Amino acid sequence: MFEIIQREATYLWYYFEVQLRQIVFYWALGIVIGSVISVFGKQKIHSLMTVIQDKHLGVLGIIPASMIGIASPLCMYGTIPIAASFSQKGMRDDYLAAFMMSSVLLNPQLLIYSAALGNYALCVRFISCFLCGITAGLVVRFCFKDKHFFNFDGFSERASRDTDPNLFIRLLKNIGRNIRATGPWFLMGIILSAVFQRYVPSDAFANLFVNNRGFGLLMAATIGVPLYACGGGTIPLLQQWLVSGMSMGSATAFMITGPATKITNLGALKIVLGIKHFAFYIAFVMLFALVSGLIVNLI
């Protein structure tokens with residue numbers, strides 16, 4: 001019995017070590033770049049939203065609003081107070097929808113992590129998230145133009161924790177917070193990936209995600225809901241799934257529904273959306289994920 005346990009532990013460690021070597025560089029680079037942007041560029045990035053409002057760009061303003069959402073390094077609980085402050089200054093709901101939707105799906109740190117999946121997957125993730133933000137803005141603009149889509153009552157912009165007068169120390173503290181926030185999930189993702197490689201038969205996975213493309217797409221969109229806890233933690237899993245035959249369309253659906261329906265994000269969004277708009281949000285996310293996955297598979 002001991003020999004069996006020792007052998008299995010050796011196999012798992014081998015898979016863990018290989019996966020760690022493949023992806024740890026992207027995780028570390030994402031931590032550093034995300035912290036640099038958070039410490040030195042966050043305020044400037046968010047001030048661009050005010051510039052868009054002042055330019056009176058009309059519907060075209062949704063495009064840069066979605067891009068700024070991706071560039072923002074904040075999580076959803078940091079994004080909502082920022083959006084609340086924009087709303088208090090008269091920012092349009094369609095701009096806020098584009099900004100918040102793309103911010104939920106992607107940030108600079110996660111974008112760097114995603115480079116571990118390959119250039120094609122990186123491009124697909126960026127474009128699909130960018131377009132999801134634009135689509136969300138357009139839907140709010142044309143379907144809710146006579147109503148307020150958000151309710152930011154009780155929210156106010158939080159004071160920044162990056163306050164140390166020494167810029168280098170400020171950066172190091174931010175890097176430390178990022179490591180504490182993402183490190184455990186990153187390691188958990190690698191552990192789950194090692195377990196997957198060791199114990200999930202490749203033919204069973206192929207039958208689920210490769211031979212049944214339509215069902216696999218729906219399955220990927222669905223499992224994104226309970227499995228997604230942290231963007232960095234899902235990269236090792238996605239990397240192994242793609243190697244095992246998951247279609248890029250299924251991966252795309254997972255990369256949209258996962259962050260959009262992460263439990264912590266849903267808790268924050270339900271507060272500012274209300275029940276009806278929250279249900280509309282869930283339906284929008286699932287539909288966009290499925291359509292995006294179908295289009296990517298066709299391409």
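These questions and answers concern a predicted model. Residues are numbered from 1 along each chain as its sequence is written. Local features need pLDDT of at least 70, side-chain atom pairs count only at pLDDT 80 or more, totals for chains, interfaces and linings use all residues, and side-chain values use heavy atoms, with hydrogens and water left out.

Trainee: What span does helix α2 reach from its first C-alpha to its last?
Mentor: Helices are DSSP runs of H or I, at least four residues, numbered from the N terminus. Helix α2 covers residues 42–55, 14 residues in total.

Trainee: Within what arc do the buried residues of α2 fall?
Mentor: Buried means under 20% relative accessible area, exposed over 50%, partly exposed in between (1.4 Å probe, protein chains only). In α2 the buried residues are Lys42, Ile45, His46, Met49, Ile52 and Gln53. They line one face of the helix, because seen down its axis, by directions to the C-beta atoms, they fall within an arc of 110 degrees.

Trainee: Which residues are exposed on the other side of α2?
Mentor: An α-helix has 3.6 residues a turn, so residues three or four places apart point the same way. On the other side of α2, the exposed residues are Gln43, Lys44, Asp54 and Lys55.

Trainee: Is Thr257 buried or exposed?
Mentor: Thr257 belongs to helix α12, residues 248–260. Its relative accessible area is 0%, so Thr257 is buried.

Conventions: Helices (H or I, at least four residues) and strands (E, at least two) are DSSP runs, numbered from the N terminus. The expected span of a helix is 1.5 Å times one less than its number of residues.
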